[in-house]
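I opened my notebook to look up how a few pieces of this structure pack together. My entries follow in the order I made them.

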Amino acid sequence: MSNIDVVITGLGATTPLGGDVASTWDGLLAGKSGIGPLVADWVEKFDLPVKIGAQLAEDPTERLPRVQARRLDRCEQVAVIAAREAWADAGFTVPTDDHQDVEPERLGVAIGTGVGGPVTLINQFGLLQEHGIRKVSPLTVPMLMPNGPAAHVGIELKARAGVHSPASACASGAEGIATGYEMIRSGRADVVVAGGAEACIHPITLAGFAQARTVSTRNDDPARASRPFDVDRDGFVLGEGSGVVVLERADLAKARGARIYATLSGFGITSDGYHITGNHPEGIGQIAAMRTAIEMAGLTAADVGHVNAHATSTVVGDIGEAAAIRAAIGDHTVVTALKGALGHLVGGAGAVEGIATILAIYHGLIPATLNLDNLDPKVQLDVVSGEPRKADLSAALSNSFGFGGHNTALLFTAA
Amino acid sequence: MPAGIDREHREREHPVADNAEILAGLAEIVEEVAGVAQDDVTAEKSFVDDLDIDSLSMVEIAVQAEDKFGVKIPDDELANLKTVGDAVNYVSANLK
């Protein structure tokens, strides 16, 4: 059993609410929506039933040098942008050949994604079909591969302790953070840049989600389409974005006088062994993940003052999770679900929502769940709606549950 | 080059002939693909050592050069083009 403590010293993000952590957090507190009509010519062309999405607030190509941006899929672009912010936020300078703030052999990366860069794959296939192989970019494979986002961050930061890119659909970002935690606890690294990224808004992914009957078709009122825990929810809204944190050995962070946001005290990862899109009806996997995280942190259910729910705004998923939260923690905990404002960032969700959970502890403030006009009576939890709720939190938990039955729970405590 | 004439038209109607024009054309491609300022793309510069251009970008440069000059650069020849001058000479020697 490891006795190494892991803290969070840097935060970075680019989301539908803003191009960095501050604008995203402010947007959450102000009750803004990152969801709108899809801005793309193919929406009408394919006559898709879903015409709404949570697109990035800031164009990633405007944040990167042109030459770098053209070599990166959009998923890789957002990961690099978020990682840069987190790294600088931790007080580290950009590594050069002559100087690195963190020794490369002690630095790792763990950035997950649900699908990587399928948009590149599709676009390049189009070029092959229309113009032949000469027009296919030599960077096609590096752009589409799902380890691309993590790898590019690792290259930029000169990380040599290992680069991981877990894929567990909507739980990928949380699993990235859990992977980073384990890297430090096992002694493989002192610092890990961890999180998740996704940017797969494209006619085919939307069509796929629509055909699976998982997305909202409230096209006439996009900002109110994503409504976790509300009686009138009708599916999630696909989003894009990235969240990245800097995880660091607590003793080293304190020694260098770093600003510590919170401690990552435990995690739980379980699997349902049940269905490729549906959660287990009794929620045993979700309950176990939450219980394991709390136990690993050396706490009890009564200590968990806040849960940042996965809740995607689907009819079945939201109440399944609510029941699991009641069973694992109890109805004393204050719950919020941020996909109402952010949409579903898939591989980015677990990390961006993890960051919001960290900030809730750090600022003593829980953002409200957007569009919660009528709490579904089956939820039976205290869900923050309307205004943000002040809360002096010692411990908070963030849930992420992915297609395929991947359940992750991250337990953060006040530093 | 005269202003206002679009690039494709120019390449079809005005095939380049002398080394200065080839160099200028290559410099434009290198800037587009690798972000190196055109003024820095001079004959004696090594693609890899001086201009920091990797093998993937070299493939892109070769494809765009083929479009611009009509000269195909096979992979084994591409590997031998160490400097900008080597590339200019190759294109010049193989112009139709």
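**Entry 1: two helices in chain B**

I noted that H2(B) and H3(B) are oblique to each other. The model I am reading is predicted. I looked up the angle next: helix H2 (residues 19–34) of chain B and helix H3 (residues 55–69) of chain B cross at roughly 135°. Their axes come within 10 Å.

Which residues make the contact? From H2(B) I listed Ile22(B), Gly25(B), Leu26(B), Ile29(B), Val30(B), Val33(B) and Ala34(B). From H3(B) I listed Ser57(B), Glu60(B), Ile61(B), Gln64(B), Ala65(B), Lys68(B) and Phe69(B). I sorted them by class and found 9 nonpolar, 3 polar and 2 charged residues.

**Entry 2: two helices in chain A**

I turned to helix H4 (residues 74–89) of chain A and helix H7 (residues 148–157) of chain A. They pack at an angle of about 40°, with their axes 8 Å apart. That angle makes H4(A) oblique to H7(A). The crossing of this pair is right-handed.

On the H4(A) side, the contact residues include Cys75(A), Ala79(A), Ala83(A) and Trp87(A). On the H7(A) side, they include Pro149(A), His152(A), Val153(A) and Leu157(A). By class, I have 8 nonpolar, 2 polar and 2 charged residues in this contact.

**Entry 3: the sheet in chain A**

I picked one pair to check. Strand E9 (residues 306–308) and strand E10 (residues 334–336) of chain A pair in the parallel sense over 3 bridges. Val307(A) has Val335(A) of E10(A) as its bridge partner.

**Entry 4: one valine in a loop**

I found Val39(A) in the loop between strand E2 (36–37) and helix H2 (42–45) of chain A. Is Val39(A) buried or exposed? Val39(A) is exposed, because 9 other C-beta atoms lie within 10 Å, and 12 or fewer counts as exposed. Val39(A) and Lys51(A) are 12 residues apart in sequence. In space they are 8.8 Å apart, C-alpha to C-alpha.

Methods:
Residues are numbered from 1 along each chain as its sequence is written. Chains are lettered from A and ligands numbered from 1 in the order in which they are written. This is a predicted model: local features need pLDDT of at least 70, side-chain atom pairs count only at pLDDT 80 or more; totals for chains, interfaces and linings use all residues. Axes are lines fitted to C-alpha atoms, for helices over the stretch in contact, and angles run from 0 to 180 degrees between N-to-C directions. Helices (H or I, at least four residues) and strands (E, at least two) are DSSP runs, numbered from the N terminus. Angles under 35 degrees count as roughly parallel, over 145 as roughly antiparallel, 65 to 115 as roughly perpendicular and the rest as oblique. A crossing is left-handed if the near helix is turned anticlockwise from the far one by less than a right angle, and right-handed if clockwise. Two residues are in contact if their C-beta atoms, placed from the backbone, lie within 7 Å. Ala, Val, Leu, Ile, Met, Phe, Trp, Tyr, Cys and Pro count as nonpolar, Asp, Glu, Lys and Arg as charged, and the others, Gly among them, as polar. Two strands pair if DSSP finds at least two bridges between them. A residue is buried if 20 or more other C-beta atoms lie within 10 Å of its own, exposed if 12 or fewer, and partly exposed in between; C-beta atoms are placed from the backbone.
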